[in-house]
Amino acid sequence: MAISSANDPVRVAFIGVGAVTAYHHLPGLRLDPRARLTAICDAAPALLEQRRKEWDVPLASTDPEEICRSPEVDAVVIATPNDTHRPIALAAARAGKHIMAEKPLGLNAGEVRQMYEAARDNGVVHMTAFTYRFAPSMRYLKHLLRSGALGTPRHFRSQRFLDLPETSWGWRQYKERAGAGDLFDMTIHRIDFAIDLLGPIARVCGAVARFAPRAQTSDGRPCPPSDVDDWSSLIGEFESGATGVWEGTTLAKGYHRDGFGHEWAEINGSEGSAVYRLHEPNTILLGRSGQDLAPVPVPSEFLKPEASPRDPSQGAPATVFRYDLMWEFVSAIVERRAAVPSFLDGLNAQLVADAVLRSHTERTWIDTPLAKP
Ligand SMILES: NC(=O)c1ccc[n+]([C@@H]2O[C@H](COP(=O)([O-])OP(=O)(O)OC[C@H]3O[C@@H](n4cnc5c(N)ncnc54)[C@H](O)[C@@H]3O)[C@@H](O)[C@H]2O)c1
C-alpha cells in the first residue's frame, strides 16, 4: 500500500478529467497543502492534453492501468462513466492505491460489492463521493438529530427537482454505461444521506419513469434515444420505524435556479422539524409544534471540516462545500483511518437503488438489509 509520511504530500491522480473533476475535485485538491496532483488520465486525448497544460501535471495517460501502476501515485480519484468505475477501482486496489470513486460506484450492487471487497482486502482507504453529506446544513441537520433536538424522527422527505434540457445526456442516458438515469445520478445521493441520518432502510417500494426521448444532441445531431429513467421515486420504512418519501426528476420546468435546481430534505421529529436546502446550504429551516418553519444560520463549526484551510465566506455556498470531499479523502489517508462515506456506504445505497428498480419491475415491496462489512 502507498503510505505517505507526515511531511510527504499525498500524490493524487485524477482518472477522468471531465466535469466533476474540474468542478469539485481539482479545487478541493488545490486547497489542500497535504496533497499534490501528480497524474491525470482520460480516454479523450484532446481533453487530456488540455488539462495537462492547464493543470501543469507531470504524468498524463489515456490508460488507467498505467496510472494505477505508477510509483508516482499514492491515491486515485475515479470520475469516469459509471461502467468503468469497477475495473479501474479493482486495478487501483490491486496496486495498493487509495481510492475515492464517484457515485454510483458501479452499475449494480454485485459490481459494487467486488469494489468494496477489493479495497478492504488490499487495505487501502476507500471513499464514495456522496457530495451532499458535506453540505453545511446537512452536517448541522445530523448534529440536531444526534443531539435529540428534533425528538424521535418520524418522517424523512426528499425532493430533488432539476429543470434540465431535454437533449442528449451523453453516456448518462444509456443503461449499459450508466446503470440507471435519475435514480443512480441523483436519488442515490438522497438514499445515502437518509441512511446516514436515520439508519438502515428496512424495505422500499419504488417507481421510475422515462418521459424525454433525448434522441438529439444539444447541437441538433440525432443520437440513439435514452433507455433510462428521468423520474425516480420511492417510499421506504426505516428499521427505526420512521418513514421516508423520495422524489427526483430532471423535467421540473421552472425549477432551474441557476442550474442548482430545487433540493429539499426534511426530517419531522416528535419535537421539531428541520430542512436542508441545496441552494441555501448555510441556513437551515427549523420549526416546533405551533410554529412556522423559520431560517436559522448554520453555526460556524458546521460550515467546513474543522482543520480545513477553506474560507467558507468565499465562493458560491452551493458549490464550495463540494471541495470538502477531497479534504476528507486526504485526511483519511494522512490520519490512517477509514474515510467517510466509504465504499460500504456506496454499497448500501446501491442495494436500495437496485431494490427500487426491482420493486418497479415486480410491482412489490423489497426488503433492503444492510450489507455485511
Ligand atoms: N458526486 C457528485 O455530485 C457528482 C456530480 C457529477 C458527476 N458525478 C459522477 O462522476 C462521474 C463522472 O461524471 P462527469 O459529469 O464528470 O462526466 P464527464 O463525461 O464530464 O467526464 C467523464 C470523463 O471520463 C473520461 N473517460 C471515459 N472513459 C474513461 C476510461 N475508461 N478511462 C479514463 N477516462 C475515461 C471521458 O473522456 C470524460 O472526460 C460519474 O460517475 C458521475 O455519476 C458525481
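Tyrosine 276 is buried, with a relative accessible area of 0%; buried means under 20% relative accessible area, exposed over 50%, and partly exposed in between, computed with a 1.4 Å probe on protein chains only. Phenylalanine 193 is buried as well, at 1%. The model is predicted, so local features need pLDDT of at least 70 and side-chain atom pairs count only at pLDDT 80 or more, while totals for chains, interfaces and linings use all residues. Residues are numbered from 1 along each chain as its sequence is written, and side-chain values use heavy atoms, with hydrogens and water left out.

A search of the whole structure finds nine aromatic pairs. Rings of Phe, Tyr and Trp (for Trp the six-membered ring) pair if their centres lie within 6.5 Å; planes under 30 degrees apart count as stacked, over 60 as edge-to-face, and the rest as tilted. Phenylalanine 14 and tryptophan 55 form an edge-to-face pair, 6.2 Å from centre to centre with 80° between the planes. Because phenylalanine 14 lies in strand β1 and tryptophan 55 in helix α2, this pair ties together parts that are 41 residues apart in sequence. Helices (H or I, at least four residues) and strands (E, at least two) are DSSP runs, numbered from the N terminus. Both phenylalanine 14 and tryptophan 55 are buried. Phenylalanine 193 and tyrosine 276 also form an edge-to-face pair, with 5.8 Å between the centres and 75° between the planes. Here, too, distant parts of the chain are linked: phenylalanine 193 is in helix α8 (residues 182-198) and tyrosine 276 in strand β12 (residues 273-277), 83 residues apart.

Strand β1 leads on to a sheet. Which order do its strands have? The sheet is open and has six strands in the order β3-β2-β1-β4-β5-β6, with parallel pairing. Two strands pair if DSSP finds at least two bridges between them. The edge strands, β3 (59-61) and β6 (126-128), each pair on one side only. Neighbouring strands of this sheet are turned by 20° against each other on average, direction ignored. Axes are lines fitted to C-alpha atoms, for helices over the stretch in contact, and angles run from 0 to 180 degrees between N-to-C directions. Strand β2 (residues 35-41) pairs with β3 in the parallel sense over three bridges, and alanine 39 stands opposite leucine 59 in β3. Helix α10 (residues 324-335) packs on the sheet and touches β1, β2, β4, β5 (98-101) and β6; its direction makes about 160° with that of β5. Contact means heavy atoms within 4.5 Å.

Charged side chains make further links. A salt bridge is a side-chain nitrogen of Lys or Arg within 4 Å of a carboxyl oxygen of Asp or Glu, and by this rule the count comes to 26 salt bridges. In one of them, arginine 11 meets aspartate 74, the closest N and O atoms being 2.8 Å apart. Arginine 11 lies in strand β1 (residues 10-15) and aspartate 74 in the loop between α3 (64-69) and β4 (75-78), so the pair ties together parts that are 63 residues apart in sequence. Aspartate 74 is buried, with a relative accessible area of 3%.

Another salt bridge joins lysine 53 and glutamate 49, at 3.6 Å from N to O. Both residues lie in helix α2 (residues 45-55), four residues apart, about one turn of the helix. Lysine 53 is exposed, with a relative accessible area of 59%, whereas glutamate 49 is partly exposed at 32%. A network of salt bridges links Arg133, Lys142, Asp192, Asp196 and Asp345.

Arginine 157 and glutamate 266 form a salt bridge at 3.1 Å, N to O. Arginine 157 is in strand β7 (residues 153-161) and glutamate 266 in strand β11 (residues 262-269), 109 residues apart. Arginine 157 is partly exposed at 28%, and glutamate 266 is buried at 9%.

The side chain of glutamate 266 also makes a polar contact with the side chain of asparagine 268, at 3.1 Å. A polar contact is a pair of N or O atoms within 3.5 Å; within protein, one must be able to donate a hydrogen and the other to accept it, and residues adjacent in sequence count only if both atoms are side-chain atoms. Asparagine 268 is in strand β11 and is buried at 14% relative accessibility. Leaving aside neighbours within four places in sequence, asparagine 268 is in contact with Thr152, Pro153, Arg154, His155, Arg157 and Ser273.
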